[in-house]
Structure formats: C-alpha cells, structure tokens
Amino acid sequence: MHEGDILSVKSDKGLPVESELKEISAGFLLKNEDIIAKGMEAYYAKLDELAQSIKNQEERIMLNAMEQAAERVQNVVDTKGNFSFSTILDALEKITISFDSNGNPSVQDIILSPSAAAKMRAMLPELEKKEYKRRYNEIIERKRKEWLDRENSRRLVD
Amino acid sequence: MIERIVEDWLTSTNERGYQIPFCQCLIQEGFTILHISKHTQSEQGKDIIAIDPDGMVCAYQLKTGDINLAKWRSMQEEIRELVELPVAHPAVDKSQPVQHFLVTNGMIDDPVRRAIDDMNMQWERLGLHNFKVDLILGTQLLRKFADAAGSFFPQKPTPLKDFLELYLADGKSLPDKDKLASFLKQLLGIGTPSTESGRELQRRISGAAVIAQYLISPFEKEQNHLAIIECWVAYLAAVLALAEKQALEWETCARTYEIIMQRIVEQLEDLEAEFLSRENYLEGPPMGDGGIVYKARLTMVLGWICALRLFEMKSNERGTPDERIIQLIKSNHKDWLWYWGQSATPYHLIISLFCESMNETELSWNIMLKVLADLCLQDESDKSLPDFASRVPDPYLQVEKCIGAAMKLSGFEREDFLDLSYHLAPVVYFSVRRNKRTSLDELWKKISKMTLCEYSPRHKWHYLLWQSDEGKDNTWFFDAPQSWKKLTELANHKDSTLPVVIYDRPEFLYFFLLVYPHRLTSESVRLLDECAPKQVM
C-alpha cells in the first residue's frame with residue numbers, strides 16, 4: 001500500500017472486506033559489555049532473532065486473515081481431531097483451482113502445525129491407496145471443468 | 001538567513017525570474033494585478049499593470065542587473081513608452097493618472113539617476129505633471145522579497161534542511177516531487193488546523209509563491225522547462241488543496257493562480273518553440289542518452305505540448321493549434337512513445353486526447369490501445385514486460401527509477417509489483433466511452449484476471465497532495481462475464497469524488513495528472529472526457 005490507512009478488497013465473488021493497517025514490531029536489548037566485547041557482532045547475533053519475530057507476526061496475521069475469510073463464507077472443513085488425507089481432499093473440494101497452459105493444476109500449498117505435519121508425513125504411504133487417487137482425480141477433473149467454465153465466462157455480454 | 005538566500009537568488013536571476021515574486025509582493029501589499037506581459041515582452045513599455053490600495057494605477061517595467069549609461073541609452077525608448085503611452089486596459093480609464101516605475105534587481109549608476117531626473121523635469125516643464133518615472137532598485141526588492149517570505153520562511157531545522165536541499169538541487173534533473181510537495185504542504189500550513197483569516201491565507205499563498213520561486217531558480221538557470229513546469233504545478237496543487245480544505249473564497253487565491261498558470265503556459269510555449277526548432281532531442285553528453293532515455297524524454301515533452309494545446313483549446317485562447325505537432329505525432333509516435341509503466345499513462349492519455357481533438361481518432365485510439373494492452377501484461381514469462389520489473393510498474397514509480405532500473409545503474413533495483421493495476425479501470429472506461437467493444441472483447445480474458453486498484457482519500461483535498469495518509473486503497477475485479485450495459489453505466493457514472501476546485505477548473509487536470517500520475521483515476525479521466533475541447537473542424 002502506498003497511501004491511506006485502509007485496504008478494501010472486493011473479491012471476484014463481490015464481497016468487500018476492509019482491513020486496517022496492523023503494526024508489526026520487534027526489539028532487542030544489548031548489554032554494554034556485549035557491545036564492548038563483540039562490537040557489531042553483538043548486533044548481528046540478534047538480527048536473526050529479530051527477523052524471525054517479524055516473520056512470525058506476519059504469519060500469524062496472514063493465517064488469522066485467511067481463517068476469518070474462510071469462516072465468513074463458511075468454507076471451513078472441521079477435522080474434529082481426525083486428520084486424514086480424506087480431510088485434505090474435502091478441503092480441495094472447497095477451493096478454487098486454476099490450471100496452467102499445459103492443463104496442470106496450480107500448486108496448492110498446505111500449511112500445517114508441526115505436529116500435524118509430522119502426522120501427515122507418517123501417513124504419506126497411504127496416498128498410494130486407490131480410493132484416494134480416484135477421488136483426487138475426480139476432484140481435479142471437476143475443478144478443470146469449473147476452471148474452463150470460468151475462463152469461458154471471461155467475456156463481454158449484453 | 002532569509003536575506004542571504006534572497007540576495008543569493010536575486011543577484012543571479014533575471015526579470016522573468018523575479019516577476020512572480022514581485023507580483024506576489026504587490027498582492028500582499030493590497031494591489032490588484034491587472035496585467036502581466038507574456039514572456040516579459042513589455043507591451044507599450046509596461047510589464048506589469050496594477051492598481052494600488054488607494055485606487056492609483058501603477059505601471060512597472062522590469063529590468064535585470066545594474067544599469068549604466070550605455071544600458072540606459074539602449075532602454076530609454078522603452079521608458080518613454082512606459083510613461084508617455086497611456087495604459088491600455090479595459091479596467092483603466094485612459095485619463096486616469098498613472099504612477100510609473102522602473103524596477104531592476106541591480107543598482108543604478110549616478111549618471112543614469114541624473115538622466116532620469118532630467119527626464120522627469122523635462123516632462124514637468126512641459127506641464128505633463130503625471131509623467132514621471134520612479135525607481136525600485138535591488139536593495140528595495142531584497143527588502144520586499146525578504147518581508148514577503150519572511151514570516152512563512154521555514155524556521156525549524158527539518159523544513160529548513162528540506163528547503164536548502166531543494167534550493168541546491170541539480171538544475172538539470174527533475175525535481176524531487178515528493179520532497180517538494182511535502183515542503184509546500186508545510187509552507188502553506190495545509191497539514192495543520194488553521195484559524196487564519198482569508199486575508200492571512202492570501203498572504204501565506206503569496207509568500208509561498210515567493211519561496212517557491214527560489215526553489216525553481218536552479219532549474220531556471222539550466223532552462224529546464226519540464227522541471228520548472230513541474231514545480232509550479234506542484235505549487236498550484238498545494239494552493240488548490242488549501243483552497244479546498246479551507247473552503248476559501250476563490251478570490252483569495254484567484255490572482256496568484258492566474259499568474260502562475262500564465263507562467264506555466266509561457267514555459268510550455270518556450271518548450272514547444274524549442275521542440276519545433278530542433279532536429280534532434282539529445283541532451284547533455286551523448287553517452288547515456290538515446291534509446292529509452294530519448295524515448296522517455298520525447299514521451300514527456302510531447303505529453304506536455306499536447307497538454308498545452310488542449311489547455312489553450314479549452315481556454316479558447318487559440319483557435320487552431322499548430323499542425324506541425326499533430327504531423328510529428330503521426331509520423332513518429334511508434335518510435336518516440338515509450339510506456340515505461342503506469343506513471344507514463346497520463347502522457348499517453350493527453351497525447352491521445354489531443355489527437356482526438358484534432359480529428360485523428362484512429363491515431364488517438366491506437367495510442368490508448370497500446371496502453372490498454374500493456375496494462376494487461378501480467379505473466380512474468382511475457383516478453384513484452386519490461387525486464388526491470390516483475391509487472392507493469394505502478395504509477396508511484398517515477399520515470400527516473402524505471403530508466404535507472406532498465407539500464408541496471410547502481411542504486412536502482414529491479415522492482416517487484418503485485419498483479420494489480422491502478423490505471424486499467426480508467427483506461428477500460430475510456431475505451432468503453434468510445435465504444436471500443438471489439439478490442440475490449442479480445443482483451444477481456446486478461447482484463448478480467450487483473451486486480452484493479454484505486455485510492456480514495458477520506459478528505460477530497462487529499463487528492464491534491466502527493467501523499468495522502470487517510471483513505472482507502474480499493475481493490476476489485478471486473479465481472480466475468482461482464483455486462484456491456486453495466487460497464488457503459490460505470491464508464492459514464494459521475495461519482496463526484498474529486499475536489500470541488502477541480503470540478504470548477506477541470507483544465508488544471510491536463511497539467512496536474514502529468515506531474516501526479518498516481519492521481520489518474522476513473523473519475524479524473526471521465527471528467528477530462530466530459531470537458532474535452534470541441535474537435536477542430
């Protein structure tokens with residue numbers, strides 16, 4: 001944002017969402033003796049910590065915004081504590097997927113907590129199960145059709 | 001401090017340079033300015049005609065530097081004209097007595113003083129009691145200018161530092177508009193609550209014009225037309241912001257506005273004359289010029305000349321514009337024009353509008369169609385995208401930075417931009433108003449994928465600031481499918497988002513948008529269309 005204090009985003013579904021600027025800040029303390037002993041190194045040593053803190057705050061703001069946006073349009077899949085590939089496929093059903101000029105679906109990122117990520121890694125061999133593959137392919141084909149419909153609708157009408 | 005600065009400036013400027021401050025001093029002293037000669041080519045020996053607070057008509061002839069006997073002899077005829085020829089102005093009765101002044105920013109030699117005394121006595125002996133010339137010399141001007149600017153001159157360290165940096169700027173480059181606009185905003189007291197009366201604000205506006213003239217002097221020394229014009233447009237934008245914010249009676253700033261507008265027009269006429277007289281447009285050392293630097297210069301110069309033509313057609317000052325300009329655009333627009341990013345949109349728009357006003361509708365549309373197509377570039381793999389930016393640069397990125405990045409100069413980085421466009425919606429609406437449905441249809445796949453963006457300041461007067469900190473950055477998409485009927489309604493919808501001072505004088509937009517490209521919005525382009533001069537038949 002170059003100017004102003006409010007960002008208003010109206011999605012292609014026509015729902016405007018306004019958000020105000022949020023402050024992200026981080027600081028650190030250095031002891032005089034550390035500065036005397038290490039010089040600039042004392043500052044450099046703190047930089048990673050500072051950057052990580054800012055990154056974490058940014059991440060938290062973005063995840064919160066995504067969560068709020070999903071809840072606002074009731075586009076949420078509740079795992080009820082039973083996380084599985086089926087849950088991920090349920091989520092895929094609910095999102096918009098685009099395709100590149102070769103017909104490949106655009107890459108979707110999955111953000112997980114460290115514990116959920118570990119659990120998912122352990123479940124990876126399950127992905128080979130036919131039922132998952134079949135359902136995944138069905139979803140992608142359906143999404144491809146939706147995408148083609150969307151692309152075909154990009155025109156002027158009376 | 002102020003005296004030193006005024007002295008430094010006054011001793012190095014010419015009559016054109018101190019004409020505006022002199023007029024502003026007269027305004028501050030309660031004079032009404034009736035006439036200022038164009039290009040300081042005095043008419044009947046008179047550069048400025050004014051009426052003093054007591055109703056006395058005063059005529060001034062402005063000169064530069066010390067006047068010795070030789071110089072006096074060469075100008076004696078003009079002085080006779082100043083005194084002996086009556087003031088020809090509809091607001092002045094020819095039988096009314098007139099006070100005549102010879103003004104110079106230098107000194108006058110004793111023999112010249114005696115010659116003037118003799119001349120005055122000779123008129124007196126002939127019974128011509130109203131024929132007399134008085135002197136206003138450099139020392140008096142210094143006092144006047146220092147007093148006019150003095151109370152408004154920055155006293156605190158930060159604005160003083162800004163002033164000095166602007167005053168000592170490189171006269172060959174373009175002004176730092178961000179810094180200039182922020183300095184002018186502070187000088188005019190725009191950002192702070194004001195309890196000043198209309199008269200006090202008028203004094204402030206005049207004082208600020210005097211200080212602005214000092215800031216322009218580095219560019220005047222280099223005859224840098226574009227920089228001089230940009231500075232005065234920034235000054236007028238600040239004055240209009242103040243007028244809008246304080247809901248000022250237009251009379252408070254009307255004369256200053258007209259004087260500065262006349263100065264801008266004169267400078268543009270000089271630019272046009274130079275442009276038409278040259279075979280090529282290289283500037284300074286040839287190494288480093290040419291290519292995109294050359295194209296950027298020509299895009300800007302043509303944009304400004306077309307803005308002048310549109311302004312004059314709108315103001316009815318000149319019936320038929322010079323045909324040579326349209327011929328040059330017709331022959332060279334493909335080689336000369338460069339769309340470096342969205343800060344180039346206003347130049348292309350103004351050139352296109354001028355072509356349209358000259359009945360060159362196909363040429364006009366081709367110029368904007370290229371802009372429309374460029375605004376739709378969004379894929380990084382698209383070879384048409386500039387290699388110095390990830391997307392079409394937004395309007396906040398000035399031409400100098402685009403050139404620096406494109407030439408990979410040190411200190412200029414490749415810029416990253418989001419997939420959003422500030423100018424796509426205004427250009428789409430421009431096209432819709434011209435019923436260009438076929439072209440839009442072809443591009444709609446791309447257009448509908450672009451995130452559109454427009455800034456709406458919370459206070460209308462913020463539109464005239466370089467940087468507004470209270471307002472909303474709106475982003476949205478066009479529909480898919482998009483109803484043409486709805487698009488047509490949107491394109492013609494007057495949303496009254498601009499300041500009243502702009503609706504009252506939309507021709508200011510011809511100049512303002514070139515200096516403030518981030519203020520090109522759907523409504524400002526619609527207004528330009530609404531007030532377009534009638535096409536030349």
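P285(B) sits in the loop that lies between helix 10 and helix 11 (291-315) of chain B. The model examined here is a predicted one. P285(B) counts as exposed because 7 other C-beta atoms lie within 10 Å, and a residue is classed as exposed at 12 or fewer. Between P285(B) and P426(B) the separation in sequence is 141 residues, while their C-alpha atoms are 38 Å apart in space.

Chain B was divided into three parts: domain 1 covers 1-150, domain 2 covers 154-279 and domain 3 covers 284-530. Taken over C-alpha atoms, the centres of domain 2 and domain 3 of chain B are separated by 24 Å. Contacts between these two domains of chain B involve 25 residues of domain 2 and 21 residues of domain 3. On the domain 2 side, the elements giving two or more residues are helix 7 (177-187), helix 9 (225-245) and helix 10 (251-277) of chain B. Helix 9 of chain B gives the most to that side, with 11 residues. By class, the domain 2 side that touches domain 3 of chain B consists of 16 nonpolar residues, eight charged residues and one polar residue.

Two strands of chain B, strand 4 (residues 98-104) and strand 5 (residues 133-136), pair in the parallel sense, with four bridges between them. Within this pairing, L102(B) has L135(B) of strand 5 as its bridge partner. Strand 4 and strand 5 of chain B also form part of a right-handed β-α-β unit, together with helix 4 (residues 110-125) of chain B.

Chain A contains five helices and three strands. Along the sequence of chain A these elements follow the pattern β-β-α-α-α-α-α-β. Chain A is divided into domain 1 (6-72) and domain 2 (85-152), and the centres of these two domains of chain A, taken over C-alpha atoms, are 30 Å apart. The radius of gyration of chain A is 22 Å, whereas a compact globule of 158 residues would have a value near 15 Å. The C-alpha trace of chain A spans about 70 × 50 × 35 Å along its principal axes. Of the 158 residues in chain A, 1% are buried. Among contacts in chain A between residues at least 6 apart in sequence, those joining residues at least 24 apart make up 44%.

The two chains also touch each other: 25 residues of chain B are in contact with 18 residues of chain A. On the chain B side, two or more residues each come from helix 17 (437-447), strand 8 (471-476), strand 9 (482-483) and helix 18 (484-492) of chain B. Strand 8 of chain B supplies the largest share of this side, six residues. The side of chain B that touches chain A has nine nonpolar, eight polar and eight charged residues. Strand pairing also links the chains, as strand 3 (residues 156-157) of chain A and strand 9 of chain B run in the parallel sense and pair over two bridges. In this pairing, the bridge partner of L156(A) in strand 9 of chain B is Q482(B).

Notes: Residues numbered from 1 in each chain as written. Chains lettered and ligands numbered in written order. Predicted model: local features only at pLDDT ≥ 70, side-chain atom pairs only at ≥ 80, totals over all residues. Domains from an automatic or database assignment. Contact = placed C-beta atoms within 7 Å. Nonpolar A, V, L, I, M, F, W, Y, C, P; charged D, E, K, R; others polar. Pairing = 2+ DSSP bridges. Right-handed = clockwise from strand over helix to strand, strands pointing away. Rg over C-alpha atoms; globule rule 2.2 N^0.38 Å. Buried ≥ 20, exposed ≤ 12 C-beta atoms within 10 Å, placed from the backbone.
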